[in-house]
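My notes follow the order in which I looked things up.

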Amino acid sequence: MTETGHTLQIENANRLCMTGISEVESFSENKVVAVISGKDRITIVGSNLKISVFQKENGNLRLDGEIRQVTYSAGKLSAVGKLFK
């Protein structure tokens with residue numbers, strides 16, 4: 001996937017659709033961390049989260065579940081940052 005922009009859409013706090021995702025770094029039913037275009041991260045916190053669609057080839061991600069919080073962080077994590085995430 002080439003580095004391009006990304007989009008984020010939340011529907012009724014129970015579905016999140018994104019484009020521009022290069023990988024899903026971690027996931028559980030309470031938290032999903034995705035990498036945007038290889039450097040920025042988005043963290044989704046909620047309950048009963050599940051990945052309905054992840055198409056790495058075109059960067060599409062869809063999550064279903066109760067979405068409570070979305071946090072965007074720019075730049076790569078340092079080695080120390082990865083230890084404490």
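**Entry 1, the overall layout.** First reminder to myself: this is a predicted model. I counted the secondary structure and got 6 strands and 1 helix. Reading along the sequence, I wrote the order down as β-β-β-β-β-β-α.

How much of the chain is buried? I find that 31% of its 85 residues count as buried. The accessible surface comes to about 5300 Å², and carbon and sulfur atoms account for 50% of that.

Which residues have the most contacts inside the largest nonpolar core? I noted Leu16, Met18, Ile21, Ile42, Ile44, Leu61 and Leu63, in a core of 13 residues. The elements that each give two or more residues to this core are strands E2 (15-19), E3 (21-27), E4 (31-36), E5 (40-55) and E6 (60-73).

I then went to Lys56, which sits in the loop between E5 and E6. Why does Lys56 count as partly exposed? Its relative accessibility is 48%, so Lys56 falls in the partly exposed class, which lies between the buried cut-off of under 20% and the exposed cut-off of over 50%. I also checked Lys56 against Val24: they are 32 residues apart along the chain, and their C-alpha atoms are separated by 9.0 Å.

Definitions and conventions: Residues are numbered from 1 along each chain as its sequence is written. This is a predicted model: local features need pLDDT of at least 70, side-chain atom pairs count only at pLDDT 80 or more; totals for chains, interfaces and linings use all residues. Side-chain values use heavy atoms; hydrogens and water are left out. A nonpolar core is a set of buried Ala, Val, Leu, Ile, Met, Phe, Trp, Tyr and Cys residues joined through side-chain atoms within 4.5 Å. Buried means under 20% relative accessible area, exposed over 50%, partly exposed in between (1.4 Å probe, protein chains only). Helices (H or I, at least four residues) and strands (E, at least two) are DSSP runs, numbered from the N terminus. Accessible areas come from the Shrake-Rupley method with a 1.4 Å probe; for residues, only the protein chains shown count as cover.
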